[in-house]
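Good morning. I will take a few minutes on one structure, so please have a look at the sequence and the model first.

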Amino acid sequence: MLGAIEAGGTKFVLAAGPAPDRILARHTIRTRDPGTTLAEAAEWLAAQGGVSALGIGSFGPVELDRLSPKWGFITNTPKPGWADCDIAGWLGQALGVPVGFDTDVNAAALAEHAAAGGTAGGALAYLTIGTGIGGGLVIGGQPVHGIAHPEIGHIYPRRHPLDTDFSGVCPAHGDCLEGLASGPAIIARWGKSLSELPADHPGHAIIADYVAQACHTLFASVAVEEVVIGGGVAQTPGLVERIAARTRALDNGYLPSGTRHAVIRPRLGGDAGITGALMLAEAALKA
Ligand code: ZN
């Protein structure tokens, strides 16, 4: 049996099953302080009949360098109590099993890449547009880490001509992608979520433009075949279609592989992250 955690800032999704595509039990708990939350997660997982490895897809930033003494830590998050939390080490010790660990979005990208069954070629990106904006990247079947992990939410897009007065909400950058197009940025500008705005409100085109710029950047910089878009804001009716159309317009027929590029919703729906975490558990078992 494999165990998995999709660790988010507001909730932890837990699951257990014999394979990533066979979830037999799942459970959701509220994220509180690390001691309470991790103990509750470990208790549920221990009750699932012999979990032999654990996979964690976590909110970040996290340490992914295997040579670092802080591998498996959530590092400098502003979330109270969670900075410098040894999430992988604590849970691995509590359950006595090997742990696979990555970002929540890298886990989701891994699962979507597998679900694409080869149609995404060697490279796929997963973007989540929600309370924040995060991006995961799989190239050659492996999640990309580099010296840390991608922070695609913090690239700077070109400003939309109808959106020049808003300074953005990212505490570090102001008008980076997350500062302009995350759920809190939408509320800060227009007082409502994107799905609550009327269909003819310019906000839809503005947000689609910013996310489309990120998609184009991913196609042009790392030559992914698909950008999969999940997260709460992406549930807005028509948004992903708008982003896909705007991405094609921005490319203007230039990229040689352009006809194979796709901007799509997750094939796995809301299960991409937890399925990817189970894949991390499976890999940890084989390591
Ligand atoms: Zn930023």
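I will go through a sheet and then a pair of helices. Keep in mind that this model is predicted.

Let us start with the sheet. Five strands form an open sheet with mixed pairing, and their order is β8-β7-β6-β9-β10. At the edges sit β8, residues 142-143, and β10, residues 262-264, each of which pairs on one side only. Strand β7 covers residues 133-139, and it pairs with β8 in the antiparallel sense over two bridges.

Which strands does helix α7 touch? Helix α7, residues 239-251, packs on the sheet and touches β9, residues 226-230, as well as β10. The direction of α7 makes about 165° with that of β10.

Now the helices. Two packed helices are described by the angle between their axes and the distance between the axes. Helix α6 runs over residues 203-222, and it packs with α7 at an angle of about 55°, the axes being 8 Å apart.

Who makes the contact? On the α6 side, the residues include His204, Ile207, Val211, Cys215 and Phe219. On the α7 side, they include Leu239, Ile243, Arg246 and Leu250. Taken by class, the residues of this contact of α6 with α7 are ten nonpolar, four polar and four charged.

That is the end of my part. Thank you.

Methods. Residues numbered from 1 in each chain as written. Predicted model: local features only at pLDDT ≥ 70, side-chain atom pairs only at ≥ 80, totals over all residues. Heavy atoms only, no water. Pairing = 2+ DSSP bridges. Helix = DSSP H or I, 4+ residues; strand = E, 2+ residues; numbered from the N terminus. Contact = heavy atoms within 4.5 Å. Axes fitted to C-alpha atoms, helices over the stretch in contact; angles between N-to-C directions. Nonpolar A, V, L, I, M, F, W, Y, C, P; charged D, E, K, R; others polar.
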